[in-house]
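The stops below are given in the order in which to select them.

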Amino acid sequence: MKTTFYILVLMLSTLSCNSDDDTEQNSEPTLNGSWSLVNVTGGLAGIDDDFETGLIIWDFNQDNLELTVTNNNTVNVIYDGFPTGTYDYEIFTETNGEMSVVINTVSYRVTTLASSQLVIDEGIVADCFLLTFSR
């Protein structure tokens, strides 16, 4: 019985070891990658529209600074971001640490950038839109 126990412990400890355990992990959230637009609020009409995850995808490619938008929304709404297409973008970081992104000449302040949530503000105080994304 002891032999079986020691063999089981040895097998479990061997299988639990992984060569990627020591690799350095980058936990800093990034704009790069695919984001699903899940909510738009603001505007003169005071909209608050929710979208199904995966319906409107913004894919940021930081290697060539291109945004690819796939907008499959067929519901008539006041604003659901950009139509399907590819857009150039630029990222700016202010001296106070605030980040903004300019997409197709529209400037958005990045209010939240986490591993699973992105919130960008077109200037909601100026009756523009606040867009919330998830991964």
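Where is L65 found? Select L65: the residue lies in the loop between β3 and β4. Strands (E, at least two residues) and helices (H or I, at least four) are DSSP runs, numbered from the N terminus. This is a predicted model, in which local features need pLDDT of at least 70 and side-chain atom pairs count only at pLDDT 80 or more, while totals for chains, interfaces and linings use all residues. Residues are numbered from 1 along each chain as its sequence is written, and side-chain values use heavy atoms, with hydrogens and water left out.

Stay on L65 and check the backbone. Its phi is positive, about 55°, although L65 is not a glycine. Most residues other than glycine have a negative phi. L65 has 36% relative accessibility, so it counts as partly exposed; that class lies between buried (under 20% relative accessible area) and exposed (over 50%), with a 1.4 Å probe and protein chains only.

Next select N104, in the loop between β6 (99–103) and β7 (106–113). N104 is another non-glycine residue with a positive phi, about 50°. Its relative accessibility is 42%, so N104 is also partly exposed.

Now zoom out and colour by secondary structure. The chain has one helix and nine strands, in the sequence order α-β-β-β-β-β-β-β-β-β. Of its 135 residues, 30% count as buried.

Then show the aromatic side chains. The whole structure holds six aromatic pairs. Rings of Phe, Tyr and Trp (its six-membered ring) pair if their centres lie within 6.5 Å; planes under 30 degrees apart count as stacked, over 60 as edge-to-face and the rest as tilted.

Select W58 and F82. Their rings form a tilted pair, 5.5 Å centre to centre with 40° between the planes. W58 sits in strand β3 (residues 56–61) and F82 in the loop between β4 (66–71) and β5 (85–93), 24 residues apart. Both residues are buried.

Move to Y79 and F129. Their ring centres are 4.3 Å apart and their planes at 5°, so this pair is stacked. Y79 is in the loop between β4 and β5 and F129 in strand β9 (residues 129–134), 50 residues apart. Y79 is buried, with a relative accessible area of 16%; F129 is buried too, at 13%.

For the last stop, which residues do ring pairs link into a cluster? Select W58, F60, F82, Y87, Y89 and F133 together to display that cluster.
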